[in-house]
Amino acid sequence: MVEFTAAQLEKLTELMRPPEPEILQGDDLSSSGYEITSTRNSISTEKEVTRTPKTIEEYEALEAEEAEQLSKVGAGIPDKKTPSYTINYQQSVSAEDIFLQIGPKTPSTASCENLIVRVKMPGDKKENVDLNVDATSVTITSSQFYLKLPLPHAINPDTSKANWDTAKETLVLTLKLDREFDFVNF
């Protein structure tokens, strides 16, 4: 058995005691005269009015109203017009699909691979157009026009393309649809 002296026991208790912090803690800091406040838990006096649809018809009307607000002239940006645009579907078909009708494709949009968006921007040039494409919408900003267009289907922005038709002053977007392949979408 090991015997300890009184001095060794005191040194051992000093080793076991937690060290004094070298960093000042909250109560040790001097007051700066500034008050720190937070509004995280306070209730806002302005209440946002949100309508919750109770039926499918109300939901569809709310969605249509939101789409209408997004497509209004300028969409909240002064001195900008909303350009005219068209949206078409495109699918790759072969002779089997058209003449022999033995391919799995149908004339419906469920068999389409691309979404073609043509935006007419008369008076603008390709250099003035700023294009932002994400999975659910397209935003086009130029010196004269602004368009935020929600898309009817999700797309893959990484495989999509954009071209400028100088003769028609039209921006042509070929957006690759992002769909799961199943018995309908092939």
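Below is a short chat about a predicted model of one chain.

Biologist: What are we looking at, and how many helices and strands does the chain have?
Modeller: This is a predicted model, and the chain has 3 helices and 7 strands.

Biologist: In what pattern do they come along the sequence?
Modeller: The pattern reads α-α-β-α-β-β-β-β-β-β.

Biologist: Which strands make up the sheet of 4 strands, and in what order?
Modeller: The order is β1-β2-β7-β6, the pairing is antiparallel, and the sheet is open. Its edge strands are β1, residues 84–90, and β6, each of which pairs on one side only. From one strand to the next, the twist averages 20 degrees.

Biologist: How many bridges join β1 to β2?
Modeller: There are 7 bridges between β1 and β2, and β2 covers residues 114–120. The two strands run antiparallel.

Biologist: Which residue in β2 is the bridge partner of Tyr-85?
Modeller: Tyr-85 has Val-119 as its bridge partner there. Val-119 also turns up in the largest nonpolar core, where it is among the residues with the most contacts.

Biologist: We'll get to the core. What about the sheet of 3 strands, what is its order?
Modeller: That one runs β3-β4-β5, again open and with antiparallel pairing. β3 and β5 are the edge strands, each pairing on one side only. Here the twist averages 5 degrees from one strand to the next.

Biologist: How many residues lie between β3 and β4 in the hairpin?
Modeller: The hairpin has 3 residues between β3 and β4. β3 spans residues 130–133 and β4 spans residues 137–141, and they pair over 4 bridges in the antiparallel sense.

Biologist: Which residues of β4 stand opposite Val-133 and Leu-131?
Modeller: Val-133 faces Val-138 across the pair, and Leu-131 stands opposite Ile-140.

Biologist: Back to the core. How many residues does the largest nonpolar core have?
Modeller: It has 18 residues. Those with the most contacts inside it are Val-119, Met-121, Ile-140, Leu-151, Leu-171, Leu-173 and Leu-175. The elements that give two or more residues to this core are β2, β4, β5 (146–150), β6 and β7.

Biologist: Which element gives the largest share of this core?
Modeller: β7 does, with 4 residues.

Biologist: And Leu-151, what does it touch?
Modeller: Leaving out residues up to four places away in sequence, Leu-151 touches Leu-115, Thr-136, Ser-137, Val-138 and Leu-175.

Biologist: Where is Glu-169 found, and is it buried or partly exposed?
Modeller: Glu-169 sits in the loop between β6, residues 155–165, and β7, residues 170–177. It counts as partly exposed because its relative accessibility is 28%, and buried would require under 20%.

Biologist: What share of the whole chain counts as buried?
Modeller: Of its 186 residues, 21% count as buried. The accessible surface comes to about 15,200 Å², and 53% of that belongs to carbon and sulfur atoms.

Biologist: Last one. What share of the contacts joins residues at least 24 apart?
Modeller: That share is 54%, taken among contacts between residues at least 6 apart in sequence.

Notes. Residues numbered from 1 in each chain as written. Predicted model: local features only at pLDDT ≥ 70, side-chain atom pairs only at ≥ 80, totals over all residues. Heavy atoms only, no water. Buried < 20%, exposed > 50% of the residue type's maximum accessible area, 1.4 Å probe, protein only. Contact = heavy atoms within 4.5 Å. Areas by Shrake-Rupley, 256 points an atom, 1.4 Å probe, with all protein chains shown as cover. Pairing = 2+ DSSP bridges. Axes fitted to C-alpha atoms, helices over the stretch in contact; angles between N-to-C directions. Core = buried A, V, L, I, M, F, W, Y, C linked by side-chain atoms within 4.5 Å.
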